[in-house]
Amino acid sequence: MSRKTDSVRSNARNVDRRNFLKGVAVAGAAVSVGEGASAAILPGATQNAPPMALRPSAQMLAAETGPVRDAGSDGSPGTVNGKPGSDFMVDVVKTLGVEYVITNPASSCRGIHESFVTYGGNAMPELLTATHEEAATAMGHGYFKVSGKPLIALCHGTVGLMHASMAIYNAWCDRVPVFMMVGNNTDADTRVPGTPTLHTVQDPAAMVRDFTKWDDQPGSLQHFAESMVRAYKIALTPPTEPVLISMEEHLQEHEIHSERPLTIPRLSMPSFPQGDLNAVREAAQLLANAEYPVIVVDRAARTPAGVQYMIELAEALNAPVVDRMGRMNFPNTHHLYQMGGPAVGRADVVLGIELMDYWGTVNDFMDNAEQTRAPIVREGTKLISLGVSDLYIRANFQDFQRYQPVDIAIAADAETTLPSLIEAVRMAIPQARRAGIAQRGEDSMRAFTAGRERTLQQAAANAWNARPISSSRLTAELWAQIKNEDWALVSRDQSMSFWPHRLWAIEQFHQFIGGPGGQGIGYGLPAAVGAALAHRAHGRLVVNLQNDGDFMYVPGSLWTAAHHSIPMLNIIYNNRAYHQEVMHMQRMASWRQRGIQNALIGTVLTNPNLSFSDLARGMGVEGIGPIEDPNDLAAAIRRGIEVVKSGQPVVIDVVAQPR
């Protein structure tokens, strides 16, 4: 693999921003004691005996680091003679069709680890190596949002699950069914003393039970089989959420002892909850007779079919669709698409589909000293909710947001319910309203066309030649080189002022997967790796617009991408700060009338500056940059795409504006 140590320089030094943008499709503890060190003497030992804490002898080192003798090859005791329990566990996993297990290897999972790679042939599932349990879990998060299938994140005891907890919470808030498995040993008599006992717990799931949908700690292999199938079924039934199975070490490591033959239950998935037809018809009547109905979506589409349903519903009403961007819900090139604006304030009927924050959709809250708040909707506006949020809720973590009263609440899976809602709307539209609905469509088309032109002008005027590089220039340069590819964006674009959503044509379900759900930093890079893993089978050009601060939480995720040849174009939006926190510091200082001169203390990533291209090279990934001149972007992106098409990941470090 070639290595680039300097910025890529473009031959085209002067780029005409207006001509360039005309072609852009715009849319809305081990310690060694040295000599002289003292150490405690074990009971029964003489004063002249060497303390255990001293550096081990050469013989001891050889015994601990040399190759392990084949168990049982000389008839030695303590070997497993029959089929080990973890082989049966692998049999169970295989029936579920799980393609990948991601793990940071550890002793509590050594039994099933060996079975996956030897007995199971390291195929269906294939075992992938992560450098951190948070990364492994977040990879599962991103993978599901592309593939629609869960993978297994395999964690070690207490410490592994604690590492994974933030990523589990993100998946919980994002309604993503990551399948967690954790090793444990509840029997003190069989635990290895020392570290393995330190990493054991009576109830592993207690640490994450408030943000998992279901968990179990099977006491037998038959119990394990039933619980695995049940967990899979629960996880994938809306609302989809993380689940956790704890595996006893003795069940994994020892031969099977069962008086009855072990069986694996057949998986039978339920039909998903559909909205009550009476409520659906009532909602359809309101929408069909509205003067200005507005649809607000967040996670409305679970599959490509969901996007098509959304188009049909919107076009039946010629109703604007306001996108909260939890998923790819609606094509941003469609004339009814809106990223925001005054639509909700104009509405006489609002349909919120799979909204995580309905209150925040219809109310304005100002983050100021007075905490100013006011309704956005007009008095008398009818509110309809359609989604699974009312079906399942926990008390502790506040992911359910503020309570918002609505006029019609349809507690059901939106994608399953949309066909009946579309049919009901079409039947409910009176002849007298058809002309008005058609006029709404014409008005929306004119407004959309004018909005496209304004966005082009804003992009051209928005610090096109600035250094550091502007988010609009980076977005436009990137779009020019990927727009004719089968591409997929596996990151959110909020930190880039949503320019990709404003400049790119995002029309297919796989082209955008939304954000972290729980807004936990550290999601971005590993989730992008997981998403790129799912895209790899389709040969897509995967783009990860990666925040610099987020990258530093679990940078080892990049090594996983290199080790397993997961191609992806990582562009680091390197504004050298936790810029959201810079703004919070500025806001606090302004409230208190103290001046903002100290806002950069504790919030920036400078002195020294981070070199993400050097970090990448240290993990076997080609690093390009840092790119500081906007005229160097095109050549850097071209080189990055070449690397991705060769089947490898790449990192382009772009020194950028704050937003």
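Which residues point one way from S4, which point the other way, and are they buried or exposed?

Author: First, the ground rules. This is a predicted model, with residues numbered from 1 along each chain as its sequence is written. Local features need pLDDT of at least 70, side-chain atom pairs count only at pLDDT 80 or more, totals for chains, interfaces and linings use all residues, and side-chain values use heavy atoms, with hydrogens and water left out.

Now the strand. Phe179, Met181 and Gly183 point one way from S4. Met180, Val182 and Asn184 point the other way. All are buried, meaning under 20% relative accessible area with a 1.4 Å probe, protein chains only (exposed is over 50%, partly exposed in between). Strands (E, at least two residues) and helices (H or I, at least four) are DSSP runs, numbered from the N terminus. S4 covers residues 179-184, and six of its six residues are buried, so the strand is largely enclosed by the rest of the structure.

Next, its partners. Two strands pair if DSSP finds at least two bridges between them. Strand S3 (residues 152-156) runs parallel to S4, joined by five bridges. There, His156 stands opposite Gly183. From S3 the chain passes through helix H6 (residues 157-173) to S4, in a right-handed β-α-β crossover. Right-handed means that, with the strands pointing away from the viewer, the path from the first strand over the helix to the second runs clockwise. Strand S6 (residues 243-248) also runs parallel to S4, with six bridges between them. Val243 in S6 is the bridge partner of Phe179.

Helix H8 (residues 221-236) belongs in this picture. S3, S4 and S6 are among the elements that cover its buried residues. So are helix H3 (85-95), strand S5 (214-216) and helix H9 (249-253). Contact here means heavy atoms within 4.5 Å. The buried residues of H8 include Leu221, Phe224, Met228 and Tyr232.

Elsewhere, six strands form an open sheet with parallel pairing, in the order S9-S8-S7-S10-S13-S14. Its edge strands are S9 (337-338) and S14 (408-411), each pairing on one side only. Strands S7 (residues 293-297) and S8 (residues 321-323) pair in the parallel sense over three bridges. Val297 stands opposite Asp323 in S8.
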